[in-house]
Amino acid sequence: MLIALSLFGAGAALSSRLYAQIPPPFAAPTTPAAQRSSLKAVQTQVKWLQDATRTAPNYVTGGADKLWQQMQVVRGAYSAFKATLAPAQVAHGANDLAELDAGLDIIEEAFVGYQEEIAGGRSPSVALRGLCQVLTQSMGLWLRELNQSSNRLRVGWP
Amino acid sequence: MPLHKLTIPLVAVLAAALAGCATKESTGHAPKPANGIVEYYQITTGAIKAVRAALDSLQRVSGYTNDVPSGVRSAFTKEVERLEVGSLQVRARSQAILARGDAYFENWQDNLARMEDPRVRQLASEHRPQLESSFGRIRSASQRARESFQPFLSGLRKLRTALEISPNAMAAESGKELARITADRGRPVEQELAAIREELKTVRAMLTPANPASKH
């Protein structure tokens with residue numbers, strides 16, 4: 001993670017990480033409407049990240065930075081979503097949530113791999129295209145897991 | 001008959017049986033319990049295939065002592081990407097199992113205890129010690145697979161870069177050595193994933209009632 005922080009602009013990355021990790025100053029509502037809304041927000045942010053993977057290779061520079069930033073927005077939206085879950089949902093879905101957490105960590109490792117490849121001499125444009133491929137497919141799988149878990153946990157049910 | 005032709009219908013039958021089992025609380029708003037065995041079996045099988053395909057592609061690349069043809073190189077590049085994506089779910093599950101440890105097993109048991117089919121609940125209760133032992137073996141294999149996977153993927157990426165920079169990278173001793181070391185790192189990943197899958201078969205057998213439940 002340190003590598004990623006140093007390579008993707010410490011300021012932007014750090015602020016994104018803080019956004020993702022600092023809990024809101026007050027407890028988020030756990031109403032069905034709040035759950036549906038926060039789930040929708042995660043789905044939207046994942047879609048935006050996938051859209052970004054299609055446009056990022058067109059940027060002369062900074063394509064990976066934009067993807068990294070959007071990845072942090074997904075993390076932030078997911079943290080906010082988890083904060084809307086009721087205690088019973090958190091308890092029953094603890095394994096699912098741990099897997100979703102781990103999934104995001106693993107997907108994020110692709111950024112570290114991308115930087116290592118460039119440091120190892122891989123063409124930045126080729127490396128970025130590869131990163132985009134892996135990200136869009138991985139986020140698709142992750143979103144499917146999120147939707148399945150949300151269904152099991154009755155997220156947003158009245 | 002090849003094993004995969006036997007296992008796919010088995011998985012399908014069990015999936016259908018479990019899907020047919022609504023939950024004890026399914027008419028209410030409580031979270032649905034998840035057995036998770038069928039899904040875990042499927043994602044492990046998918047990851048084994050991805051690792052096997054990457055190893056096969058690596059072996060094809062290693063067979064060249066001069067220029068590696070562009071088709072072989074691009075196929076190798078694709079397999080490395082497929083491995084990254086195709087292993088995501090099993091890596092995430094392994095990481096969750098390792099991070100949560102006993103709590104993961106307890107949560108899984110809690111879910112089993114809430115399955116609608118009383119026979120599954122009974123079997124889960126009766127076989128708890130065996131299930132715990134199986135879980136312990138899955139956890140150990142997950143740990144070993146995880147330790148081997150990262151160096152394996154890293155080696156594949158390095159070789160991919162080397163081949164992109166120079167199609168005759170395999171002519172150099174360093175290229176051959178990288179390919180050999182990477183293959184050595186990949187085989188344990190495949191073996192540990194296979195061990196997890198075998199354990200899941202055992203678990204599945206323990207939790208499968210003698211006669212499939214009729215649909216509720």
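Is Arg160(B) buried or exposed? Arg160(B) is buried, its relative accessible area being 3%. The points below concern a predicted model.

1. Arg160(B) and its partner. Arg160(B) makes a salt bridge with Glu117(A), and the closest N and O atoms are 2.3 Å apart. Because Arg160(B) belongs to helix H7 of chain B and Glu117(A) to helix H6 (residues 94–119) of chain A, this pair joins two chains. Glu117(A) is likewise buried, with a relative accessible area of 6%. Glu117(A) also forms a salt bridge with Arg157(B), where the closest N and O atoms are 3.7 Å apart.

2. The interface of chains A and B. Between chain B and chain A there are four salt bridges. Twelve residue pairs are in polar contact across this interface, both residues being at pLDDT 80 or more. On the side of chain B that touches chain A, at least two residues each come from helix H3 (70–86), helix H4 (88–100), H5 and H7 of chain B. H4(B) gives the largest share, eight residues.

3. Extent of the interface. In total, 34 residues of chain B contact 36 residues of chain A. The two chains bury about 3000 Å² between them, and 51% of this lies on carbon and sulfur atoms.

4. Salt bridges within chain B. Arg93(B) and Glu39(B) meet through their side chains in a salt bridge of 3.0 Å, N to O. This pair links distant parts of the chain, with Arg93(B) in helix H4 and Glu39(B) in helix H2 (residues 37–62) of chain B, 54 residues apart. Arg93(B) counts as buried at 5% relative accessibility, and Glu39(B) counts as buried at 17%. A further salt bridge, 2.9 Å from N to O, brings together the side chains of Arg82(B) and Glu79(B). Both of these residues lie in helix H3 of chain B, three residues apart, or about one turn of the helix. Arg82(B) is partly exposed at a relative accessible area of 48%, whereas Glu79(B) is buried at 14%.

5. Helix H6 of chain B. In this helix (residues 118–126), the buried residues are Val120(B), Leu123(B) and Ala124(B). They lie on the same side of H6(B), because they cover an arc of only 100° around the axis. Their cover includes helix H5 (102–112), helix H7 (128–165) and helix H8 (173–207) of chain B. At the start of H6(B), a side-chain oxygen of Asp117(B) comes to within 2.9 Å of the backbone nitrogen of Arg119(B).

Terms used
Residues are numbered from 1 along each chain as its sequence is written. Chains are lettered from A and ligands numbered from 1 in the order in which they are written. This is a predicted model: local features need pLDDT of at least 70, side-chain atom pairs count only at pLDDT 80 or more; totals for chains, interfaces and linings use all residues. Side-chain values use heavy atoms; hydrogens and water are left out. Buried means under 20% relative accessible area, exposed over 50%, partly exposed in between (1.4 Å probe, protein chains only). Helices (H or I, at least four residues) and strands (E, at least two) are DSSP runs, numbered from the N terminus. The arc is that of the directions from the helix axis to the C-beta atoms. Contact means heavy atoms within 4.5 Å. A polar contact is a pair of N or O atoms within 3.5 Å; within protein, one must be able to donate a hydrogen and the other to accept it, and residues adjacent in sequence count only if both atoms are side-chain atoms. Buried area is the accessible area (1.4 Å probe) that two parts lose on being put together, summed over both.
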